[in-house]
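Hi,

Here is the structure I promised to hand over.

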Amino acid sequence: MTQSLQAGREPRVADDMVSRPGSAVSLLRTVVGLYLREAGGWMPTEAFLALLGALGVPVPQARTALSRVKARGLLQAQARDGVPGFALAPGAEAMLARGDRRIHEPRAMAADGEWCLIVFSVPEAMRDARHQLRKQLKWIGCGTVEAGVWICPDFLRGEVEDAVEGLGLSGHVVLFTARGLPAGPVAAGQVGQWWDLEGIAQLHREFVHGQSGVPERSGSAAESFAAYVGCIDAWRVIPYLDPGLPPELLPQDWPAPECIALFLRIREAHAGPAADFVRGVLAQ
């Protein structure tokens with residue numbers, strides 16, 4: 001996260017985007033998101049070290065990652081019965097729940113679906129908040145029509161409202177529901193100007209390239225754990241930046257369907273054995 005949580009304040013959706021996939025911090029965040037709530041919201045430090053070790057993270061780097069994630073407000077140090085460990089920080093569970101929907105329920109907008117238009121005028125005295133708003137709108141998956149007008153599928157409206165409220169900008173932002181953008185080259189050209197479609201497509205291609213070698217069946221619980229966490233870690237940014245635009249407005253060779261199918265295959269094959277591996281580590 002970009003900063004520690006304030007009392008009673010939830011982490012924002014943008015906080016999930018700051019760690020490089022495959023890094024110790026990113027892998028730890030993925031482990032936390034997948035397994036800490038099922039474990040009751042707390043794990044011993046040694047369990048975190050063992051799980052990160054199974055992902056190839058040496059103990060010194062794992063300890064550093066725990067410190068960094070704690071400083072960013074996702075975890076808090078907490079001992080139980082004299083055993084050192086870490087628990088979810090206040091507000092983190094709500095953020096993870098929002099992430100669950102994004103990560104595990106890929107959505108696509110229908111051709112005749114509704115859009116959410118975000119219109120804002122933020123005074124120069126609040127330029128830092130304005131900058132954060134633009135950054136969060138991008139990370140939610142919104143496109144830029146012009147400087148103060150953004151757009152996204154209407155099913156992302158709730159996340160836009162959360163970002164606006166969290167930044168204290170409710171009085172400077174108006175949301176409209178719109179219809180239109182019929183399929184065709186003109187509309188597709190507009191969409192190509194509002195979103196970095198090539199950048200999003202490249203994310204899908206990189207996922208397919210990096211994950212296509214994952215076995216179709218589980219060899220062991222430990223192997224499935226490494227495969228599944230690696231898959232989620234590589235995947236979890238994509239459904240944020242890709243808003244799920246109507247296929248009719250996207251290039252014909254759009255790689256998202258192949259990418260999503262691969263993600264679902266890996267999840268189906270490895271999520272169960274991976275969870276068994278975590279339970280085994282905790283039982284020790």
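This is a predicted model: local features need pLDDT of at least 70, side-chain atom pairs count only at pLDDT 80 or more; totals for chains, interfaces and linings use all residues.

Residues are numbered from 1 along each chain as its sequence is written, and side-chain values use heavy atoms, with hydrogens and water left out.

**The sheet**

Four strands make an open antiparallel sheet, in the order β5-β6-β4-β7. Strands here are DSSP E runs of at least two residues, helices are H or I runs of at least four, and both are numbered from the N terminus; two strands pair if DSSP finds at least two bridges between them. β5 and β7 (173-178) are the edge strands, each pairing on one side only. From one strand to the next the twist averages 30 degrees (axes are lines fitted to C-alpha atoms, for helices over the stretch in contact, and angles run from 0 to 180 degrees between N-to-C directions).

Helix α5 (residues 127-140) packs on the sheet and touches β4, β6 and β7 (contact means heavy atoms within 4.5 Å). Its direction makes about 165 degrees with that of β4. Helix α6 (residues 157-166) also packs on the sheet, touching β4, β6 and β7, with its direction at about 175 degrees to that of β7.

Strand β6 (residues 149-153) has five of its five residues buried, meaning under 20% relative accessible area with a 1.4 Å probe, protein chains only. It pairs with β4 (residues 115-120) over five bridges, and Ile151 is the bridge partner of Leu117. On the β5 (residues 143-146) side there are three bridges, with Trp150 as the partner of Thr144. Trp150 is also the bridge partner of Ile118. A hairpin of two residues joins β5 to β6.

The largest pocket holds about 360 Å³ of space. Of its 24 lining residues, the closest to the centre are Arg107, Ala108, Asp242, Gly244 and Ile260. A pocket is an open set of points on a 1 Å grid over the protein atoms alone, where a 1.4 Å probe fits, with protein on both sides within 12 Å along at least five of seven lines; lining residues have an atom within 4 Å of a point. Points are joined across faces, edges and corners, and the volume is the space filled by probe spheres set on them. α11 (256-283) gives the largest share of the lining, three residues.

Cheers

Technical notes: Buried means under 20% relative accessible area, exposed over 50%, partly exposed in between (1.4 Å probe, protein chains only).
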